[in-house]
Amino acid sequence: MVPFENAQCYSPSPETIAVIVANVLPLAGVVALGWDLVALVFLYWFELGILSFWALVKAVFAGRPSEFDSDPLIGGALASKRTAIPVPFTDLGIRFSTLPVLVVAIPILTLVWFFAGVTTVGVIGPETPDSDALEIVMISAFGIFLSEGASTLLEYFHRGGYRDHSAQTAVQGIFMRAAVIGVGGLFTATFIGLAADSVASDDPITAVDPTVIGLPILVGIVLVKFSFDLGGLYRERLADFDKASSFELGWAYEPPPRESIDSVRAVNERLRPTLLGRLTGGISTENVRRHPGALGVGGFLLLISLLFVIGRVWDIVLALVSVSLIVPIGLLTIEYWLRYGGVEYRISEDEIVAHDRLFRTGLWRIEAWDESDLRVERGRLHRLLDTSTVVIECADQELWLPHLEDPDPILDVFDRRPNGVQRRGEK
């Protein structure tokens, strides 16, 4: 038998009891007190939308940079910037690396929220609750909006919670919650509807008998909400467990910190890509090879033009073919200018700092002993413009210094001959 003193250690905290009561109460109200089940499901769906809204607000002002597994077109260039658009009279800012996350997150989260509504509210009843119940739902939803907004302002902004989040970590929790509710509602409606013979196998999901599926849907929503509420309550313990286990569950993930780039101690020389290199480097073979997604956009437009070729609508075909060439070139050029249009390389005897002249911030810093490989590239465009591109390979990244008129000051920092091309003056 466990001693009484040890048993006290396992008693739930007041916060845990509050979460349990808050999630059990709606089920007890429906089963024992005759609460309107459809109105409750409506309220849970509205709550999901409200939480999604405030999650996006958190993502906009997240204090840490976003992290990408690859180097996406445009998004990778924005992520390389360590700059934030400041909010006047506050310490807040909108980081450039947040923008591509928002472009993807807003439409996807909206679609997932609607999908969750279709598989929950949509299968319980095609009609809205009666006017009295709907009024209570709207008042409750407004209260949830104010409560979540106050919590966000206090915990996230006033107490500095935004400093620990990136745009990705700010939205991933609500995205997973909405996705689980949507998929869970779909499977629940399908299996229970077929098991109860309330729908035929070829009927739409909305044909499920709401009296059969209503309570299981509500139970599923409550269980999902209860799981995520407990996850938020015991996040630190889950993170410790994640660190100690051999599996990566995501609880221990921390977005990259905000790093400041120290300036060069004594600048011996400053280099910039040549003007012609900045103008034409985006459509070079090397840049196209690094970002093949731009060609995919052009190829997709060409496939669409084939549909109009069949109909012999030649003016539209010509327009689409033109756009299929202009759009990839435009994307590549914009991406290239974002990366290198305002960059300046400040060089000392044993270090190089890439400095963004437009936003007056450092982009990266490398010292002589940090590189693992060094090469100089000179393709057709380089020979035409009489420029060179220096590629510095490090343990965790590959740095490109494109279209330099004289790469020797860069190479002298590392004090060794690069792979690929002879240096100027060598025979």
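Over the ring of which residue does the charged end of R290 sit? In this predicted model, the ring is that of W400. The charged end of R290 lies 4.5 Å from the centre of that ring.

The overall makeup comes next. The protein has 427 residues, of which 40% count as buried. Its secondary structure comprises 15 helices and nine strands. Contacts between residues at least 6 apart in sequence were also sorted by separation: 68% of them join residues at least 24 apart.

Helix α12 spans residues 293-310, and helix α13 spans residues 314-340. Their axes come within 8 Å and cross at roughly 175°. An angle over 145° counts as roughly antiparallel, so α12 is roughly antiparallel to α13. On the α12 side, the contact is made by A294, V297, G298, L301, L302, I304, S305, F308 and V309. On the α13 side, it is made by W314, I316, V317, L320, V321, V323, S324, V327, P328, L331 and L332. By class, 17 residues of this contact are nonpolar and three are polar. None is charged.

Helix α13 also holds L338. This residue has a relative accessibility of 27%, so L338 counts as partly exposed. Beyond its neighbours within four places in sequence, L338 is in contact with I74, A77, L78 and K81. A distance was also computed from L338 to G76. The two residues are 262 apart in sequence, yet their C-alpha atoms are 9.6 Å apart in space.

Aromatic residues were then considered. The whole structure contains 14 aromatic pairs. One of them joins F53 and W54, whose ring centres are 5.2 Å apart. The planes of these two rings meet at 75°, so the pair is edge-to-face. The two partners fall into separate accessibility classes. F53 has 40% relative accessibility and therefore counts as partly exposed. W54 has a relative accessible area of 12%; the cut-off for burial is under 20%, so W54 is buried. Elsewhere, F42, W45, F46, W113 and F114 form one aromatic cluster.

R95 belongs to strand β2, which covers residues 93-95. Its relative accessible area is 10%, so R95 is buried. Neighbours within four places in sequence aside, R95 is in contact with A62, G63, R64, P65, R82, T83, A84 and R258.

Backbone angles complete the description. Most residues other than glycine have a negative phi. F89 has a positive phi, near 65°, and is not a glycine. F89 lies in the loop between β1 (84-86) and β2. Its relative accessibility is 88%, so F89 counts as exposed. D386 likewise is not a glycine and has a positive phi, of about 55°. This residue is found in the loop between α14 (380-385) and β8 (388-393). D386 has a relative accessible area of 42% and is therefore partly exposed.

Conventions: Residues are numbered from 1 along each chain as its sequence is written. This is a predicted model: local features need pLDDT of at least 70, side-chain atom pairs count only at pLDDT 80 or more; totals for chains, interfaces and linings use all residues. Side-chain values use heavy atoms; hydrogens and water are left out. Axes are lines fitted to C-alpha atoms, for helices over the stretch in contact, and angles run from 0 to 180 degrees between N-to-C directions. Helices (H or I, at least four residues) and strands (E, at least two) are DSSP runs, numbered from the N terminus. Angles under 35 degrees count as roughly parallel, over 145 as roughly antiparallel, 65 to 115 as roughly perpendicular and the rest as oblique. Contact means heavy atoms within 4.5 Å. Ala, Val, Leu, Ile, Met, Phe, Trp, Tyr, Cys and Pro count as nonpolar, Asp, Glu, Lys and Arg as charged, and the others, Gly among them, as polar. Rings of Phe, Tyr and Trp (its six-membered ring) pair if their centres lie within 6.5 Å; planes under 30 degrees apart count as stacked, over 60 as edge-to-face and the rest as tilted. Buried means under 20% relative accessible area, exposed over 50%, partly exposed in between (1.4 Å probe, protein chains only). A charge sits over a ring if NZ of Lys or CZ of Arg is within 6 Å of the ring centre and within 35 degrees of the ring normal.
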